[in-house]
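These are my notebook entries on one structure. I list what I looked up, entry by entry.

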Amino acid sequence: MTRTWILPMLLALCGALVSTGLLLGGSPGEAVAFLLVFVLLAGVNSPLVFPRSTGALEARRRSAVDGRPVVFWRPGCAYCIRLRIRLGRDARRLHWVNIWRDPAAAEAVRAANNGNETVPTVVVAGRPHTNPDPEWVREQVSPSA
């Protein structure tokens, strides 16, 4: 669980250190700007940006019932962040599975990607799609609205 927070914590800490140096150097405006940028980067890379994750088995069960795609992701992944942001509110309608929290999810992703943990891997109707276009994913969610 703490593994998912390492990158956001490092970004926030680095931002605080750089800002402190700038503040002590007499540049309060730059210090505030740097701190805001680093806090924003930490927030975007934190698990807070993503809808609540479920386990791989539970996500598959729910997907079988409601037909919604399952998204396997991990914190710090730029492509996962891109998918999440481009989906906007539609992201809440998907089943998100953090592969760093669920070994079965990581194994499912490796099985779909020739042994690699390539994310995001989106499973639609039992078929995995590696790093799909966000608009395509949105189309997969719309029919079940």
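Entry 1: I began with alanine 125, which is exposed at a relative accessible area of 75%. Here buried means under 20% relative accessible area, exposed over 50%, and partly exposed in between, with a 1.4 Å probe and protein chains only. Alanine 125 has a positive phi of about 50 degrees although it is not a glycine. I found alanine 125 in the loop between β3 and β4 (127-130). Helices (H or I, at least four residues) and strands (E, at least two) are DSSP runs, numbered from the N terminus.

**Entry 2: on the source.** The model is predicted: local features need pLDDT of at least 70, side-chain atom pairs count only at pLDDT 80 or more, and totals for chains, interfaces and linings use all residues. Residues are numbered from 1 along each chain as its sequence is written, and side-chain values use heavy atoms, with hydrogens and water left out.

**Entry 3: other backbone points.** Asparagine 131 is not a glycine either, yet has a positive phi of about 45 degrees. I placed asparagine 131 in the loop between β4 and α6; at 29% relative accessibility, this residue counts as partly exposed. I then looked at the peptide bond from valine 119 to proline 120, which is cis, with omega near 0 degrees. Proline 120 sits in the loop between α5 and β3.

**Entry 4: helix α3.** Which residues of α3 are buried? I noted Ala56, Ala59 and Ser63. They cover an arc of only 60 degrees around the axis, so they lie on the same side of α3; the arc is that of the directions from the helix axis to the C-beta atoms. On the other side of α3, Leu57, Ala64 and Val65 are exposed. The buried residues of α3 pack against β1, β2 and α5, where contact means heavy atoms within 4.5 Å.

**Entry 5: helix α6.** In α6 I noted Pro134, Val137 and Val141 as buried. Their arc around the axis is only 60 degrees, which puts them on the same side of α6. The cover over these buried residues includes α4 and β3.

**Entry 6: leucine 87.** Which residues does leucine 87 contact, leaving aside its neighbours within four places in sequence? I listed Leu94, Trp96, Pro134, Val137 and Arg138. Two names in that list, Pro134 and Val137, had come up among the buried residues of α6.
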